[in-house]
Amino acid sequence: MAVEMLHSIFYGIVLQNSTIGAVFVLFILLFRKMTERLSKGFVRILWILLLAELLTPPLLHGSLYTLRNLAMNVQIIETDKTTLGVEAAGKSDALELQDHVLQKEGGIEDKGLEEKGRQLQPAGEISFMKGLVQGARAVIPAIWLAGAFCLCVVYLCRFLELQKKTADAVFSSRDGCWVVGQVDMPFVMPYIRPRIYLPESLADSVRTDVLSHERQHIKNLDPLIKCLAAFAVAVHWFNPLVWIAYVFMGKDLEMYCDERVMHGKSIEERKRYSNTLLEFASRSSGLTVIMHFGESNTEHRIRHILYAKKPRFAVAFLLAVIVGVSGIVFLTAKKVEGRGNADTLGQETEALLAEKIQERSSGPLIKKCFADFDGDGTGEMFAVTGETAEYGINQIWYASPEEVMCLMDDSEGYTAFWQDEECIYTVNGSQKLFAVPCGTGGSDIVSKCYYVMSGTAYEVHIGAYLEPLDGEDFAVYLDAYDNVYMDGSWSGHTRKAYYLKWTGSGFEEYTAKEISIDELGKYDDSENVLKQIKGSGYEISSVYLRSNGIININVTQDFDQGRGYENVTLKIEDGEVYVVSAGCRRMCHKK
């Protein structure tokens, strides 16, 4: 579940936001250049809007189709997200994918178990390069998270280092700030209630200007904005334009703060303030979340203080419109009503896929199943076409925005198909299976089962009728004498796979080991069950204990016309066994 959430966050939010954010940064840099001699108030708003775009999904949904919609529908990389739970890493060719080997659970050995290898075959040709990309996309979210975590650790270390330097700070009630001897630069520490720290060596002649500047930072909420900007860099560390935005935003926050402090001041006061900036001019402070008084870009700050102009009403109105429109374009998205399980696709996509299948099929479309089968935000369709809904020569088709293929063409026999049959099964929150019953009826019915990985359909060979139980648990009906469904549990011949769990690329059997009658006798009420079996004239041929708490007892009885075979299924609960099902009513009484 955690892996699924990580993929969803990275591919569904972070990557989309970073793509649109890159365009937004370029727009802001152009806007910044065009308004270089004007107030930094408008560009400051744009930087704040950029932070909202980088760190949140669309804030509002409206009637306009914006760049956010484009990012949600256009895939940056040709192949889609690797389906969660599929162990495809390290395999260069999808042809090598196989079902998981039967595993041991709870220390149970799989003696007497008939192992059945199931080779997955792709439903279409996949290039070697595409397979490599699929594997890469499976690990990219983990690499992204590791990078973001490391950057946050760097921030934390620098913050703790500065906090250690301010441990001996003394509060000055006169100025409402903290005086510290181990630093030589005034700054604001971004606590919940930000603190202003001044060096002990600060001269009284510049104290007023410095305090006015730092207090204006707090009033503008700049410490909070700087922290959010640092977090945005950590989240989008792979995007160089976000790093560029971080640098220029810091410069603009400082210039806007200077601008507000100097509002209404005389030219002499502006010159004195500029001299103070020169005194504390410093090199770039690098990766930090604090606000230094003497940030870099001192020359541009002084020029802005001395020559910046307040825009006239008409210009200010135009700039406000530009800022407002950019907010709509970059922060909002048109709400797209999806159908089936593909939330981001509408009726047009479903109709288009159905039309593609209809163009290539030889018969009418009997049933279609449209959903986001691999959880990547793109809808796919499975469909059955043929002569009739129940009996006839049928075909099974798969269609995605990239391809259409026939998965099964039963030209020599019949495909039994029921229109009201549920064919889509959600197995792990985002991944879905398509399973349809096929055959001529009776014991010949089998299930055709498919899943989608990176836009390509794969078949899981079942060889039996597949039945969903709960979530990832399934069971199969094989052509055997003891197929019984009772009280939510399946019983079957213990040498065949009846109790199955979906692994992401196939089915894994709940393993079993053969136990003795003496081992069965350690469970409460087992003696009573054994007495009923023997009292019914049956002999126990074998006993199997399964890893899901099911015990199967295979029994036989000789008759004049031959030998009869039956099965008794027990369930372990709190150290006691009770009968779930029995092949003969008079054999055992259910609990």
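Me: How many aromatic pairs does the count come to?
Reply: The count comes to 23 aromatic pairs. The rule pairs rings of Phe, Tyr and Trp (its six-membered ring) if their centres lie within 6.5 Å; planes under 30 degrees apart are called stacked, over 60 edge-to-face, and the rest tilted. One of the pairs is Phe24 with Phe27, which is tilted, at 6.4 Å centre to centre and 35 degrees between the planes.

Me: Before we go on, what kind of model is this?
Reply: This is a predicted model, where local features need pLDDT of at least 70, side-chain atom pairs count only at pLDDT 80 or more, and totals for chains, interfaces and linings use all residues. Residues are numbered from 1 along each chain as its sequence is written, and side-chain values use heavy atoms, with hydrogens and water left out.

Me: OK, back to that pair. Where are Phe24 and Phe27?
Reply: Both sit in helix α1, and because they are three residues apart there, about one helical turn separates them. Helices here are DSSP runs of H or I with at least four residues, strands are runs of E with at least two, and numbering starts at the N terminus.

Me: Is Phe24 buried or exposed?
Reply: Phe24 is buried, at 0% relative accessibility, while Phe27 is partly exposed at 26%. The cut-offs are under 20% relative accessible area for buried, over 50% for exposed and partly exposed in between (1.4 Å probe, protein chains only).

Me: Which residues form one aromatic cluster?
Reply: Tyr425, Tyr451, Tyr458, Phe474, Trp502 and Phe507 do.

Me: Switching to charges: how many salt bridges does the structure hold?
Reply: Eleven salt bridges, each being a side-chain nitrogen of Lys or Arg within 4 Å of a carboxyl oxygen of Asp or Glu. Take Lys40 and Asp252, whose side chains meet at 3.8 Å, N to O. That pair links distant parts of the chain, 212 residues apart: Lys40 is in the loop between α1 (2–34) and α2 (41–55), and Asp252 is in helix α7 (residues 240–261).

Me: Are Lys40 and Asp252 buried or exposed?
Reply: Lys40 and Asp252 are both buried. They also belong to a network of salt bridges that links them with Arg32.

Me: And what does Arg44 form a salt bridge with?
Reply: With Asp222, where the closest N and O atoms are 3.5 Å apart. This pair links distant parts of the chain too, from Arg44 in helix α2 to Asp222 in helix α6 (residues 222–235), 178 residues apart. Both ends are buried: Arg44 has 12% relative accessibility and Asp222 has 0%.

Me: What else is Arg44 in contact with?
Reply: Setting aside neighbours within four places in sequence, Arg44 is in contact with Asn220, Asp222, Ile225, Leu253 and Tyr256, contact meaning heavy atoms within 4.5 Å. Arg44 and Leu253 are 209 residues apart in sequence, yet 6.7 Å apart in space, C-alpha to C-alpha.

Me: At what angle do the axes of α6 and α7 cross?
Reply: At roughly 170 degrees, with the axes coming within 10 Å. The axes are lines fitted to C-alpha atoms, for helices over the stretch in contact, and angles run from 0 to 180 degrees between N-to-C directions. So α6 and α7 are roughly antiparallel to each other; under 35 degrees counts as roughly parallel, over 145 as roughly antiparallel, 65 to 115 as roughly perpendicular and the rest as oblique.

Me: Which residues of α6 and α7 meet?
Reply: On the α6 side they include Asp222, Ile225, Ala229 and Val233, and on the α7 side Trp243, Tyr246, Met249 and Leu253.

Me: What lies over the face of Phe248?
Reply: Lys251, at 5.0 Å from the ring centre. The test is NZ of Lys or CZ of Arg within 6 Å of the ring centre and within 35 degrees of the ring normal.

Me: Last topic, backbone. Which residue has a phi near 55 degrees?
Reply: Asp574, a positive value in a residue other than glycine. Asp574 lies in the loop between β26 (562–573) and β27 (576–582) and is exposed at 78% relative accessibility. Asp525 has a positive phi as well, about 70 degrees, and lies in the loop between α12 (517–520) and α13 (526–535). Most residues other than glycine have a negative phi.
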